[in-house]
Amino acid sequence: MKTKYQFTAFLCVMGLLSYGQKGIPPKEDTKKVTITNFPTHLEYSSSLASGLKTANGWQATPAAMGLGKPRMLYIGKKGQLYVTRRDAGDVLMLTDTNNDGRFDDMTRVADFPGVHGITAKDDFMYLCNNNKVLRYALNADGTLGKAADTLIKDLPSGGQHANRTMDFGPDGKLYISVGSVCNDCKESDKETAAMLQVDPQTWKRTLYASGLRNTIGFDWQPQTKEMWGVDNGGDTKGDDWPPEELNKIIMGGNYGFPFAYGKKEVDQSREDPVGNTKEGWVKPTQASILDFPAHSAPIAFAFFDSGKNKGDALVCWHGSWNRQNPSGYKVERIKFDSKGNPTGSEDFLTGFLIGSERFGRPAGLAIGSDVVYISDDANGIIYALKQK
């Protein structure tokens with residue numbers, strides 16, 4: 001169902017969208033709710049947003065507000081921004097009709113329970129939830145055709161990690177990330193804790209890589225065309241272990257889960273696998289390339305494909321919920337050299353975490369030719385970052 005809202009009613013003081021109409025989830029409760037080891041939530045305010053810090057040469061401004069829980073993002077051919085909302089079960093198309101850098105029009109272009117992943121290719125848009133991949137025809141105005149083709153309907157049950165993501169690689173194949181069913185159990189389905197490769201001619205899929213606990217964010221380095229992804233480490237194993245990982249994902253690679261994390265560090269809390277030792281099982285697996293603080297919770301990950309930042313990547317750290325000293329709650333830039341190798345990282349957007357309180361959780365990411373969009377699914381904000 002497609003429903004269009006022309007926003008002639010309430011626009012916030014900054015001239016931004018604030019959605020609170022039918023079909024749109026209300027804003028989060030403004031009361032502070034404390035969860036064990038989870039930073040207290042603060043409602044968005046312009047004064048808090050003024051404390052955000054960006055990398056040198058960049059400026060961040062809210063481009064849309066009141067979106068409920070926006071997750072994954074995709075930039076359309078005409079500059080529209082598509083937003084998946086898993087909790088609302090729909091996809092929004094945001095448009096800046098007067099080119100002032102702020103979205104002032106919204107169209108609900110798809111209703112799909114649990115929708116999370118999004119990509120497009122050859123005038124079609126692809127959406128996925130826990131079990132299904134759907135394809136819609138893209139109309140000239142950016143809306144989607146009424147009828148959806150169901151391409152896949154039997155992805156493994158999500159369990160603890162149901163947030164599927166997908167994208168087309170340089171080889172034209174579709175890649176789908178499927179997280180583990182639980183925190184650190186041995187998976188019974190080989191398609192879980194894995195990266196799947198799908199042939200778009202037959203829609204048959206194969207196991208591309210395994211041992212990836214939950215690699216929601218992945219992309220291809222533009223110079224080398226190699227796949228990279230950020231993996232979420234396990235919970236309840238301590239404040240500082242296991243680390244979050246940046247991996248170069250290769251065909252046939254096993255990245256260690258559930259017996260190892262990071263630089264092939266064996267999880268000594270686990271029993272030996274049948275017919276082997278933990279150390280023996282881990283030996284042929286792939287080590288991470290870079291490690292990051294435990295429980296930071298990487299979500300989106302994408303490379304700059306053009307411009308002076310080409311080859312570097314951004315990662316959204318959604319933020320810890322079970323760490324004594326919170327980690328994450330920011331966007332980080334990972335630097336790559338001319339040969340496509342990561343050399344380090346630096347903060348790109350910070351300030352969401354203020355002591356034991358937070359007013360934002362970066363989730364989705366889309367990099368355009370002259371703008372970076374970041375979704376905050378805690379306060380329903382889309383931020384636009386541009387170079388000064």
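The protein has 2 helices and 31 strands. Its radius of gyration is 20 Å, close to the 21 Å that the globule rule gives for 388 residues, so the protein is as compact as a globular protein of that length. The model is a predicted one. Along the principal axes, the C-alpha atoms occupy a box of roughly 65 × 50 × 40 Å. Of the 388 residues, 56% are buried.

**Cysteines**

- The whole structure contains 1 disulfide, formed between cysteine 182 and cysteine 185 with an S to S distance of 1.8 Å.
- A disulfide is a covalent bond between the sulfur atoms of two cysteines.
- The 1.8 Å separation of cysteine 182 and cysteine 185 falls within the 2.5 Å limit applied to a disulfide.
- Cysteine 182 is partly exposed, at a relative accessible area of 23%, and cysteine 185 is also partly exposed, at 26%.

- An open sheet is built from 4 strands in the order E13-E14-E15-E16, with antiparallel pairing.
- The edges of this sheet are strand E13 (165-168) and strand E16 (205-210); each has a single partner strand, so one side of each lacks a neighbour in the sheet.
- From one strand to the next, the twist averages 25°.
- E13 pairs with strand E14 (residues 174-178) in the antiparallel sense, over 4 bridges.
- Across these two strands, threonine 165 stands opposite serine 177 in E14.

- E17 pairs with E18 in the antiparallel sense, through 4 bridges.
- Tryptophan 220 has methionine 227 in E18 as its bridge partner.
- The hairpin of E17 and E18 has 6 residues between the strands, and lysine 225 in this hairpin adopts a positive phi near 65°.
- Phe218 and Trp220 also belong to an aromatic cluster, in which ring pairs link them with Tyr175 and Tyr208.

**Aromatic pairs**

- The structure holds 17 aromatic pairs.
- Tryptophan 241 and tyrosine 261 form an edge-to-face pair, because their ring centres are 5.4 Å apart and their planes stand at 85°.
- This pair links distant parts of the chain, 20 residues apart: tryptophan 241 lies in the loop between strand E18 (227-231) and strand E19 (244-249), and tyrosine 261 lies in strand E20 (residues 260-261).
- Tyrosine 261 is buried, at a relative accessible area of 3%.
- Phenylalanine 352 and tyrosine 383 also pair edge-to-face, since their ring centres lie 5.7 Å apart and their planes are at 70°.
- Phenylalanine 352 occupies the loop between strand E26 (342-350) and strand E27 (353-354), whereas tyrosine 383 is in strand E31 (residues 381-387), so the pair ties together parts 31 residues apart in sequence.
- Phenylalanine 352 counts as buried at 1% relative accessibility, and tyrosine 383 is buried with a relative accessible area of 1%.
- Both pairs are called edge-to-face because the angles of 85° and 70° exceed the cut-off of 60 degrees between ring planes.

**Charges over rings**

- Lysine 121 lies over the face of phenylalanine 168, at 5.6 Å from the ring centre.
- Arginine 270 places its charged end over the ring of phenylalanine 259, at 4.9 Å from the centre of that ring.

Technical notes: Residues are numbered from 1 along each chain as its sequence is written. This is a predicted model: local features need pLDDT of at least 70, side-chain atom pairs count only at pLDDT 80 or more; totals for chains, interfaces and linings use all residues. Side-chain values use heavy atoms; hydrogens and water are left out. Buried means under 20% relative accessible area, exposed over 50%, partly exposed in between (1.4 Å probe, protein chains only). Two strands pair if DSSP finds at least two bridges between them. Axes are lines fitted to C-alpha atoms, for helices over the stretch in contact, and angles run from 0 to 180 degrees between N-to-C directions. Rings of Phe, Tyr and Trp (its six-membered ring) pair if their centres lie within 6.5 Å; planes under 30 degrees apart count as stacked, over 60 as edge-to-face and the rest as tilted. A charge sits over a ring if NZ of Lys or CZ of Arg is within 6 Å of the ring centre and within 35 degrees of the ring normal. The radius of gyration is taken over C-alpha atoms; the globule rule is 2.2 Å times the number of residues to the power 0.38.
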